[in-house]
Amino acid sequence: MNNDDLNAILDLDCEARYEYFLDAVGEEREVWILVNSEEHFLKLHAEDQGEFEYLPVWPSAAFAGDYAADDSDLKPRGIPLPQFLSRWLPGLAKDGIEIGVFPGADKSVWITGSDDLGQDLRDELARF
């Protein structure tokens, strides 16, 4: 994917990026997060909509890497979709951490709960 394609997708609104995420993850069977040099995953805090934490996720290493371009300590890490569905989503729900799906160029992000994202991903998988 070239930079023009990457930027065009990043410029989509939150809902369109969410749909892109579902489609890409359904096809590639992998979710991408960012981890630091100590292997801790990136969690962000949302203060404008009430105080809560969320895990940002991306549909590919290219998008995750682009988000972390200004932070040399962060690198993309892929999570196989079955593992994300069976272990990560229940663990995030237990810890009260939301999921921020595919932050955009303007840093807008689709916030969802583990149950909703899990159902949407399973629905997407059923299409294949």
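**View 1. Three rings gather in one aromatic cluster.** Tyr20, Phe63 and Phe102 make up a single aromatic cluster. Keep in mind, as you look at this and the following views, that the model is predicted. Across the structure, the count of aromatic pairs comes to seven.

**View 2. Tyr18 and Trp110 form a stacked aromatic pair.** Here the ring centres sit 4.9 Å from each other, with 20° between the planes. Tyr18 belongs to helix 2 (residues 14-28) and Trp110 to strand 6 (residues 110-112), so this pair ties together parts that are 92 residues apart in sequence. Tyr18 counts as buried because its relative accessibility is 4%, a value under the 20% cut-off. Trp110, at a relative accessible area of 29%, is partly exposed.

View 3. Phe41 comes from the loop between strand 1 (30-35) and strand 2 (44-46), while Trp88 comes from helix 4 (residues 81-95), so the pair ties together parts that are 47 residues apart in sequence. Phe41 is partly exposed, its relative accessible area being 30%.

**View 4. A closer look at helix 2, from start to end.** At its start, a side-chain oxygen of Asp13 comes to within 3.2 Å of the backbone nitrogen of Glu15. The 15 residues of helix 2 reach 21 Å from first C-alpha to last, close to the expected 21 Å. Buried residues of helix 2 include Cys14, Arg17, Tyr18, Phe21 and Leu22; Ala24, Val25 and Gly26 are also among them. After helix 2 comes Arg29, with a positive phi near 60°.

Technical notes. Residues are numbered from 1 along each chain as its sequence is written. This is a predicted model: local features need pLDDT of at least 70, side-chain atom pairs count only at pLDDT 80 or more; totals for chains, interfaces and linings use all residues. Side-chain values use heavy atoms; hydrogens and water are left out. Rings of Phe, Tyr and Trp (its six-membered ring) pair if their centres lie within 6.5 Å; planes under 30 degrees apart count as stacked, over 60 as edge-to-face and the rest as tilted. Helices (H or I, at least four residues) and strands (E, at least two) are DSSP runs, numbered from the N terminus. Buried means under 20% relative accessible area, exposed over 50%, partly exposed in between (1.4 Å probe, protein chains only). The expected span of a helix is 1.5 Å times one less than its number of residues. A polar contact is a pair of N or O atoms within 3.5 Å; within protein, one must be able to donate a hydrogen and the other to accept it, and residues adjacent in sequence count only if both atoms are side-chain atoms.
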